Amino acid sequence: MIEARVRVISAANGMAWVRSSESSGCSACQSQSSCGISGIGKYLLRNRAALPIHQPDAHVGDELKVCVDEAELLRASHLNFYGNVEGT
């Protein structure tokens, strides 16, 4: 399970827009130099767009923990990659 701390930057209608902090997730991991997932973490830090998540009780400034199963992340990356390859 990949975990990252995020901060709520906007919240409305049950949705929270969150942005990761540079000191969470892969950036804070002791194994990042030998982990393939850390490349994804570095990419996400470079492209720090706010992401929407369903969190009805969130308020601006709240810190949340977001967890993603490694298998689901890999599956989503394959779908994204192969979808782009087939679409060209």
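# Notebook: strands, a core and salt bridges

**Entry 1: Val-6.** I began with Val-6 and skipped its neighbours within four places in sequence; the residues in contact with Val-6 are then Val-18, Arg-19, Ser-20, Asp-62, Glu-63, Leu-64 and Val-66. Contact here means heavy atoms within 4.5 Å.

A note to myself on the source: this is a predicted model, where local features need pLDDT of at least 70 and side-chain atom pairs count only at pLDDT 80 or more, while totals for chains, interfaces and linings use all residues. Residues are numbered from 1 along each chain as its sequence is written, and side-chain values use heavy atoms, with hydrogens and water left out.

**Entry 2: the overall plan.** I looked up the elements next and found 2 helices and 4 strands in the chain. Helices (H or I, at least four residues) and strands (E, at least two) are DSSP runs, numbered from the N terminus. Along the sequence I read the pattern β-β-α-β-β-α.

I also checked how far apart in sequence the contacts reach. Of the contacts in the chain with a separation of 6 or more, 70% are between residues 24 or more positions apart.

**Entry 3: the sheet.** In what order do the 4 strands form the open sheet? I read β3-β2-β1-β4, with antiparallel pairing. At the edges stand β3 (51-54) and β4, each with a single partner strand, so one side of each has no neighbour in the sheet. From one strand to the next, the twist averages 50 degrees; axes are lines fitted to C-alpha atoms, for helices over the stretch in contact, and angles run from 0 to 180 degrees between N-to-C directions.

A reminder from class: strands of a sheet pair through backbone hydrogen bonds, either parallel or antiparallel. For my count, two strands pair if DSSP finds at least two bridges between them.

Then I followed β1 on both sides. It is joined to strand β2 (residues 15-20) by 6 bridges, and the two run antiparallel. Here Arg-7 stands opposite Arg-19 in β2, and Ala-11 stands opposite Ala-16 in β2. β1 and β4 also pair in the antiparallel sense, over 6 bridges; in β4, Val-68 is the bridge partner of Ile-2.

**Entry 4: the turn at Asn-13.** The hairpin of β1 and β2 has 2 residues between the strands. I found Asn-13 in the loop there, between β1 and β2. Its phi is positive, about 55 degrees, although Asn-13 is not a glycine.

Is Asn-13 buried or exposed? At 82% relative accessibility, Asn-13 counts as exposed. The cut-offs I used: buried is under 20% relative accessible area, exposed is over 50%, and partly exposed is in between (1.4 Å probe, protein chains only).

**Entry 5: the core.** Which residues make up the largest nonpolar core? It has 6 residues: Val-6, Val-8, Ala-16, Val-18, Ala-58 and Leu-64. The elements that give two or more residues to this core are β1 and β2. By definition, a nonpolar core is a set of buried Ala, Val, Leu, Ile, Met, Phe, Trp, Tyr and Cys residues joined through side-chain atoms within 4.5 Å.

For the chain as a whole, buried residues make up 11% of the 88 residues. The chain exposes about 6,500 Å², and carbon and sulfur atoms supply 54% of that. These areas come from the Shrake-Rupley method with a 1.4 Å probe; for residues, only the protein chains shown count as cover.

**Entry 6: salt bridges.** How many salt bridges does a search of the whole structure find? It finds 3, a salt bridge being a side-chain nitrogen of Lys or Arg within 4 Å of a carboxyl oxygen of Asp or Glu.

I took Glu-63 and Arg-5 to begin with: their closest N and O atoms are 3.8 Å apart. Glu-63 lies in strand β4 (residues 63-68) and Arg-5 in strand β1 (residues 2-12), so this pair ties together parts that are 58 residues apart in sequence. Glu-63 is partly exposed at 45% relative accessible area, and Arg-5 is partly exposed at 37%.

Glu-63 also forms a salt bridge with Arg-7, with the closest N and O atoms 3.3 Å apart. This pair links β1 and β4 across 56 residues, and Arg-7 is partly exposed at 41%.

My last pair was Arg-75 and Glu-72, 3.6 Å from N to O. Both lie in helix α2 (residues 70-86), 3 residues apart, about one turn of the helix. Glu-72 counts as partly exposed, at 44% relative accessibility. Through shared partners, salt bridges join Arg-5, Arg-7 and Glu-63 into one network.
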